[in-house]
Amino acid sequence: LETTLREGGVLTSLDLAEARLRDVDLHCLTVALETAYKYECVRGEALYDDLMLHRVDLSYNPIIVGKPHTNNFGLAPLSTLMGSLPVYSILMRGIGLSRLSAEVLASHVGSKSCLVSIDMSDNPVGRKGLEKLLIPLADGESQLRRIVMEECSISSQYCALFGIIIRKTGVQHLSLASNPIGDEGLHYLQSHMGSGKSLNYLDLGNCKIGGKMLRKLLDWLKEKRSLKTLILRGNDLGDVGGKAILSYLDEKELSRLDISRCNISCKWLAKIIHKTADHLQHFSFAGNPFDMKCFSELKRLVAKNGRLQTLGIADLQLSREETSNMIGELLRSASLRTVDLSFWSHLKQESMLSPLKGFLSKGRALQEVHLSGILFEGENSLASLMLAINENDMLEKLHLSDVKYLASEESAQQLASCVLLASNLKELVLQRTGLVPDVFLTFAKSLKRSKLRVVDVSDNLKYKDVSEKYLGELDM
């Protein structure tokens, strides 16, 4: 790598996630980058922007091992990447960063950092670790604009820190998804955020927040710069939260809204769908109560909103007639690229095969379809759907999770045969499909003749059960 860069090679992205990197490997890599960077600077033949690494992904590597101390061999190269080299974005998900190691790392990283984006999800860094690591990046000269801290066991008292960082740096993107911050944490976040005028992306999915506190936050945000993305999925917001969202939409426009499984009643859900008919590009409200009024507003949304690209409507309780009508309405959309129809109970029936095939084959902009949790009736139904997909040059990604397709040799072979009929498919998602290692090996080898680039079988067996014994035999 060092030789390549010295000879004029340009490196803008480095993806080493799950590469089994140890601390010594990262040390060698960083030395190579640092040496090449200094060499180019001395020669004076490269502009600073030409040397910038736009993205470094080190997620899920055992970099931080043992008890952290000042000589930890994994922390020194991390410090160099974050503080000395021109790195724009760094992902460090699940690398074992604890409170102590975060404090040690923070002592080497200051405001001189070029970081604009940092993702430290799935690391138990603790309050002191967060303070030590993020506050140096949050001074007046910091360029930090994006913070992702998902699944970090962040509780309410941590949120004041994020509010302070937003106030000091102008952070635009904040994701605290799947942290139990609760209403108290949301209060701390709001009260320390200052004007909050820079924030345009806020992900509070599965954060155990309620409707009353959400109402206070949205009332406050109305007076500030408009959010563009608001993700609230998995919070029990109820009608108080539904009314608060509607009130916000009366005055502000969003481009993306996710209120899936928020327990919002049909009355308020219908009004929210009505209000979003003109401007939303990405909308998901899966798993909420649904009635005829909501159904009418959904049809109006699809027909009227020419900018709608993503529609997440999984797990809606529709009648057979409503299901058929909705598929027909979706077919008329000229803008929809991603549609989630997972767990639509009536779609499995053979009588639904014709409208569904028409949608899959003729969806003009359709690129991704979710049909998870649907065990299609009829021996040739799945094969017919794959042939329909093959007629649509745009459709490249298909989700068939939550059905036991890979639990037996027979069902796996049938699925593989069907997939081969859709020669344009590039990505197939088969999460929670009862995968058995022996079956998986046969299934994967059958797919070698396909044009698939990605097969996602996560959330089945443990990774080692598949990888250590079988992946070496695939030769794919």
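**Helices, a core and a pocket**

Q: What covers the buried residues of α15?
A: The cover includes α14 (353-362), β14 and α16 (409-421). Buried means under 20% relative accessible area, exposed means over 50%, and partly exposed lies in between (1.4 Å probe, protein chains only). Helices (H or I, at least four residues) and strands (E, at least two) are DSSP runs, numbered from the N terminus.

Q: What kind of model is this?
A: This is a predicted model, in which local features need pLDDT of at least 70, side-chain atom pairs count only at pLDDT 80 or more, and totals for chains, interfaces and linings use all residues. Residues are numbered from 1 along each chain as its sequence is written, and side-chain values use heavy atoms, leaving out hydrogens and water.

Q: Back to α15: how many of its residues are buried?
A: Eight of the 10 residues of α15 (residues 381-390) are buried, so this helix is largely enclosed by the rest of the structure. They are S381, L382, A383, S384, L385, M386, A388 and I389.

Q: And what is S384 in contact with, beyond its sequence neighbours?
A: Leaving aside neighbours within four places in sequence, S384 is in contact (heavy atoms within 4.5 Å) with L353 and K357. The C-alpha atoms of S384 and L353 are separated by 8.3 Å, although these residues are 31 apart along the chain.

Q: Which residues of α8 are buried, then?
A: In α8 (residues 182-191) the buried residues are G182, G185, L186, L189 and Q190. Viewed down the axis of α8, they fall within an arc of 135° (taken from the directions from the helix axis to the C-beta atoms), so they line one face of the helix. Their cover includes α7 (159-169), β6 (173-175) and α9 (211-222).

Q: Changing topic, which residues line the largest pocket nearest its centre?
A: Of the 38 lining residues, R233, D258, D340, H370 and H399 lie nearest the centre. Two or more lining residues come from each of β7 (201-203), β9 (256-258), β10 (282-284), β11 (310-312), β12 (338-340), β13 (368-370) and β14 (397-399).

Q: What counts as a pocket?
A: On a 1 Å grid over the protein atoms alone, a pocket is an open set of points where a 1.4 Å probe fits, with protein on both sides within 12 Å along at least five of seven lines; lining residues have an atom within 4 Å of a point.

Q: What is the volume of the largest pocket?
A: The volume is about 1200 Å³, taken as the space filled by probe spheres set on the grid points, which are joined across faces, edges and corners.

Q: Where is C207, and is it buried or exposed?
A: C207 lies in the loop between β7 and α9. With a relative accessible area of 0%, C207 is buried. C207 and N235 are 28 residues apart in sequence and 6.5 Å apart in space, C-alpha to C-alpha.

Q: What about S260: which loop holds it?
A: S260 is in the loop between β9 and α11 (266-275). At 5% relative accessibility, S260 counts as buried. Beyond its neighbours within four places in sequence, its contacts are R233, G234, S284, F285, A286 and N288.

Q: Finally, how many helices and strands does the protein have?
A: There are 18 helices and 16 strands. Buried residues make up 54% of the 476 residues.
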